[in-house]
Amino acid sequence: MAGVLIAVEGIDGAGKTTQAKRLVRLLNRMGVKAAYTREPTGGSIGKLVRRHLSGRRTYSEETVTLLFAADRLDHIQRFIEPQLKRGITIVADRYVHSSIAYQAAATGMREWVISVNSLARRPDISIFVDVNPKEALARLGHRRKYVYERLEFLEKVRSEYIRLVESGEMMIVDGSGTREEVAQRISTVVEPLLRERGLV
Ligand code: TMP
């Protein structure tokens, strides 16, 4: 039986990395074989992107949009699809909706961003961990490291995510409260999918 692709999304500082890793542990405890992965990847295109994100802004926002999309396609072909076929459920710490939210906010060309990502397989479920941008930046504190970690920009990104939630492409989870509370909310939205696919 094929695995499912679960994306965990949110603005910088939303705590999604912690939650994605916790979800993998929970799934494994439930007997669902699962693996964690993230974007940008550690591959050659992902490294270029991270260099850009760290402030050595080598590329225009349009170029970086294409790099995110290329990194994703490579990730899908090399890792995601083969793992899903082997029956491994993948928990992706950011996936296609990160591009639709961040690059739409950065370029103002939402439809174009959607079209350059059209070859990327859709996630089976995409979870938006919603945290107030001010709170998210406060959480990051001295860990701030990327060009997108600015209040005004993250507010725009949050609106893009909300738009995806409203169109039914993403599920929203309240990211406030303790890690345990947020993890509980995430497992509540994931479990019906696992049952539907016969994985639990
Ligand atoms: P993270 O490693 O903390 O998740 O941060 C990655 C940064 O890259 C974050 O600022 C969001 C940004 N990003 C995009 O803008 N578009 C994308 O498609 C992805 C995957 C990440």
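Reader: Which residues come nearest to the ligand?
Author: The model is predicted. There are 16 residues around the ligand. Those that come nearest are Asp12, Arg72, Arg94, Ser99 and Gln103.

Reader: How many Å lie between a polar side-chain atom of Asp12 and an oxygen atom of the ligand?
Author: A polar contact requires N or O atoms within 3.5 Å. Arg38 places a polar side-chain atom 3.2 Å from a ligand oxygen atom, and Arg72 places one at 2.8 Å. For Asp12 the distance is 2.7 Å.

Reader: What percentage of the ligand's accessible area does the protein cover?
Author: On its own, the ligand has 480 Å² of accessible area. The ligand sits in the largest pocket.

Reader: Which element gives the largest share of the shell around the ligand?
Author: Two or more shell residues come from each of α2 (44–53), α3 (61–85) and α4 (96–107). The largest share is four residues, and it comes from α4.

Reader: How many residues of the shell are charged?
Author: The shell divides by residue type into six nonpolar and three polar residues, with the rest charged. The charged residues number seven.

Reader: How many residues apart are Tyr102 and Phe153?
Author: Tyr102 is in helix α4, while Phe153 is in helix α7 (residues 151–166). The pair links distant parts of the chain, and the separation is 51 residues.

Definitions and conventions
Residues numbered from 1 in each chain as written. Predicted model: local features only at pLDDT ≥ 70, side-chain atom pairs only at ≥ 80, totals over all residues. Heavy atoms only, no water. Near = heavy atom within 4 Å. Polar contact = N/O pair within 3.5 Å; in protein donor to acceptor, adjacent residues only side chain to side chain. Areas by Shrake-Rupley, 256 points an atom, 1.4 Å probe, with all protein chains shown as cover. 1 Å grid on protein atoms, 1.4 Å probe; cavity = no way out; pocket = protein on both sides within 12 Å on 5 of 7 lines; lining within 4 Å. Sits in = over half its atoms within 2 Å of the grid points. Nonpolar A, V, L, I, M, F, W, Y, C, P; charged D, E, K, R; others polar.
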